[in-house]
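Subject: Handing over the structure, with notes on what was found

Dear colleague,

I am passing on the structure that you will be looking at, and I would ask you to keep it open while you read. The notes come after it, so that you can look up each place as it is named.

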Amino acid sequence: TDQPTIYKGLAGVVVDKTAISKVVPETNSLTYRGYAVQELAQHCSFEQVAYLLWNGELPTDVQLADFSRRERANRRLDRTAASILAKVPETCHPMDVVRTAISFLGAEDPAAEDPSPQATQAKALRMLAVLPTIVAADMRRRRGLDPIAPHHGLGYSENFLTMVFGEVPDPVIVKAFEKSMVLYAEHSFNASTFAARVVTSTQSDMYSAVTAAIGALKGSLHGGANEAVMHDMIDIDRPERARDWLTAKLDAKEKVMGFGHRVYKNGDSRVPTMRQALQEVSAHVGEDKWMTIYAELEDEMFTRTGIKPNLDFPTGPAYFLMGFDIPAFTPVFVMSRITGWTAHIAEQAASNALIRPLSAYDGPAQRPILVR
Ligand code: CMC
C-alpha cells in the first residue's frame with residue numbers, strides 16, 4: 001500500500017521562509033536579523049532588540065528614543081482589565097492569567113481587527129509594554145501585596161524588576177535579566193511561534209494568535225521547562241545528590257527538563273551567555289549551590305547521554321536567584337517572546353498562505369450505519 005511519509009512533530013520539515021532569525025545547529029549559532037544573539041546580549045538592550053526584530057535594523061539613537069517613549073507610554077494597565085485580572089483565581093497557573101489578559105486586551109481594543117502594518121505595530125508595542133505590568137501585578141497579588149504602578153523614568157527591565165520587588169535592583173541583576181530577555185526573544189519556528197503563525201494564517205486577529213502562542217509556550221516541553229528545572233533543582237537540594245538523582249531519572253526513562261533540543265543536537269547556542277549570567281548572579285547573591293548543582297547535572301548528563309542543556313537550564317536558577325516565584329518564570333519568557341511572536345505574525349500576514357497540513361487516516365474503513 002502507498003503510505004505517505006509521516007513527519008511526526010513536523011521534525012525536519014521546512015514550512016516557510018523567514019527573515020527574522022536563523023538557527024544553524026551545525027555551527028551552534030542563532031542570529032536575529034543577521035546579528036549573533038550572544039553579541040546582541042552583550043551589547044544591546046532588550047528595547048533595541050525588540051526594535052531590531054520588528055524593523056529589521058537596529059535603531060539609531062533618535063529611533064530608539066522614540067521607541068522608548070512609546071513603550072513607556074503604553075505600560076499602564078487600564079482599570080477594567082486590572083479588575084478582571086484580579087478576579088482570576090489565584091489557584092490557577094500564572095500563565096493562565098497572562099493568556100486571559102491578552103485575550104481581554106484584544107476584546108477591549110477597537111483596532112483588534114485592523115490588519116494594517118501600522119495597527120499591527122501599535123498592538124505589538126502595546127503588548128510588549130503592558131505585559132510586565134500584568135506579570136508583576138500577578139506575582140505581587142499571589143504574595144498578598146498591592147501592585148506597583150509602572151515608573152516612566154526607568155528602562156524596560158529596571159521598571160519591571162521595580163514593579164515586582166519594590167525597588168530598583170542592583171545592576172548585576174538588571175544586566176543578567178536583560179540578557180535573558182534578549183536570549184528568549186526569538187527562535188524561528190518553535191512551537192509557540194508556529195501556533196501564532198497558524199492562527200494568523202486563517203486571517204484571525206493578532207491577539208488571538210498571541211493567546212494561542214501563550215497556550216503553546218506554557219507546556220513543559222517548551223517554555224514551561226524553566227520552571228520544571230528549578231523544581232528539580234530544589235528536589236535535588238544538595239549538590240552531592242545531583243548525580244544519583246540524575247541516574248534515577250535516566251534509569252526510569254524520564255526526560256530531564258532543561259536538556260535536549262529539537263533543533264540543536266550539539267548544544268543550545270544561547271546557553272553559554274546565560275550560564276555566564278547565572279554565574280554572575282550567583283556570585284552577587286552569594287549563593288553557589290544552584291550553580292554547583294547545575295555543573296554536576298550538566299557534566300553527568302553529558303557523560304551519560306551526550307545531551308547538553310538548553311536555555312531553560314540556566315534561566316531557571318537565574319530567575320530563582322533574582323527572587324522570582326517559580327510559576328512566574330514562563331510568564332517572564334512571554335514578556336520577551338512577545339517580540340518574536342509579533343514579528344512572525346506580521347511576516348506571516350504579509351505573505352500569507354493558510355497553514356493546513358494533511359493527515360494519514362488510520363481509523364476504521366468506511367462502513368454503513370446499521371439502522372435498527
Ligand atoms: N532527557 C533525557 N533524554 C532526552 C532528553 C532529555 N531532556 N532529550 C532528548 N532525550 C533523548 C530521548 O530520550 C531520545 O532518546 P532515544 O532516541 O533513545 O529514545 C533522544 O534523546 C531524542 O529525543 P526526542 O525526544 O525524540 O527529541 P525531540 O527533538 O522530540 O525532543 C525536546 C526535544 C526538547 C522535546 C526534548 O529534548 C525534551 O523533552 N527536553 C526536556 C524539556 C525541555 O527542556 N524543553 C525545553 C526546550 S528548549 C527551550 C524552550 O523551548 O523553551
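This is a predicted model: local features need pLDDT of at least 70, side-chain atom pairs count only at pLDDT 80 or more; totals for chains, interfaces and linings use all residues.

According to the domain assignment of the protein, domain 1 covers 27-217 + 331-350, while domain 2 covers 225-322. Taken over C-alpha atoms, the centres of domain 1 and domain 2 are separated by 26 Å. Where they touch, 17 residues of domain 1 are in contact with 18 residues of domain 2. On the side of domain 1 that touches domain 2, the elements giving two or more residues are β2 (29-32), α1 (37-43), α8 (171-184) and α16 (329-350). Of these, α8 gives the most, with eight residues. If you sort the residues on that side of domain 1 by class, you will find eleven nonpolar, four polar and two charged.

**Helix α8 against helix α15**

Two packed helices are described by the angle between their axes and the distance between the axes. For α8 and helix α15 (residues 312-322), the angle is about 145 degrees and the axes lie 11 Å apart, and the crossing of α8 and α15 is left-handed. Which residues of α8 and α15 meet here? From α8 they are Ile173, Ala176, Phe177 and Ser180, and from α15 they are Thr315, Ala318 and Met322. This contact of α8 with α15 is made up of five nonpolar and two polar residues, with no charged residues.

**Helix α13 and what surrounds it**

Helix α13 (residues 271-285) has 15 residues, and from its first C-alpha to its last it reaches 21 Å, which is close to the 21 Å expected at 1.5 Å a residue. Its buried residues are Val271, Thr273, Met274, Arg275, Ala277, Leu278, Val281 and Ser282, and the buried residues of α13 pack against α1, α8, α14 (289-305) and α15.

The axes of α13 and α14 come within 9 Å and cross at roughly 145 degrees. In this contact, Leu278, Gln279 and Ser282 of α13 meet Trp290, Met291 and Tyr294 of α14, and by class the residues divide into four nonpolar and two polar, with no charged residues. After α13 comes Gly286, whose phi is positive, near 80 degrees.

Is Tyr264 buried or exposed? Tyr264 counts as buried because 21 other C-beta atoms lie within 10 Å. Although Tyr264 and Val24 are 240 residues apart along the chain, their C-alpha atoms are separated by 8.1 Å. Once its neighbours within four places in sequence are left aside, Tyr264 is in contact with Pro25, Asn28 and Ser269.

Lys253, by contrast, is exposed, because it has 6 other C-beta atoms within 10 Å. Lys253 also has a positive phi of about 60 degrees, although it is not a glycine. Leu10, in the segment before β1 (21-24), is likewise a residue other than glycine with a positive phi, here near 55 degrees. Leu10 counts as partly exposed because it has 13 C-beta neighbours inside 10 Å.

**Two residues in other helices**

Asp138 lies in helix α6 (residues 117-142), and it is buried because 26 other C-beta atoms lie within 10 Å. Not counting residues up to four places away in sequence, Asp138 touches Leu85, Pro94 and Val97. The C-alpha atoms of Asp138 and Ala328 are separated by 8.7 Å, although the two residues are 190 residues apart along the chain.

Ser208 lies in helix α10 (residues 206-218), and it counts as partly exposed because it has 17 C-beta neighbours inside 10 Å. Leaving aside neighbours within four places in sequence, Ser208 is in contact with Gly106 and Val199. The C-alpha atoms of Ser208 and Ala107, 101 residues apart along the chain, are separated by 9.7 Å.

With best wishes

Definitions and conventions
Residues are numbered from 1 along each chain as its sequence is written. Domain bounds come from an automatic or database domain assignment. Two residues are in contact if their C-beta atoms, placed from the backbone, lie within 7 Å. Helices (H or I, at least four residues) and strands (E, at least two) are DSSP runs, numbered from the N terminus. Ala, Val, Leu, Ile, Met, Phe, Trp, Tyr, Cys and Pro count as nonpolar, Asp, Glu, Lys and Arg as charged, and the others, Gly among them, as polar. Axes are lines fitted to C-alpha atoms, for helices over the stretch in contact, and angles run from 0 to 180 degrees between N-to-C directions. A crossing is left-handed if the near helix is turned anticlockwise from the far one by less than a right angle, and right-handed if clockwise. The expected span of a helix is 1.5 Å times one less than its number of residues. A residue is buried if 20 or more other C-beta atoms lie within 10 Å of its own, exposed if 12 or fewer, and partly exposed in between; C-beta atoms are placed from the backbone.
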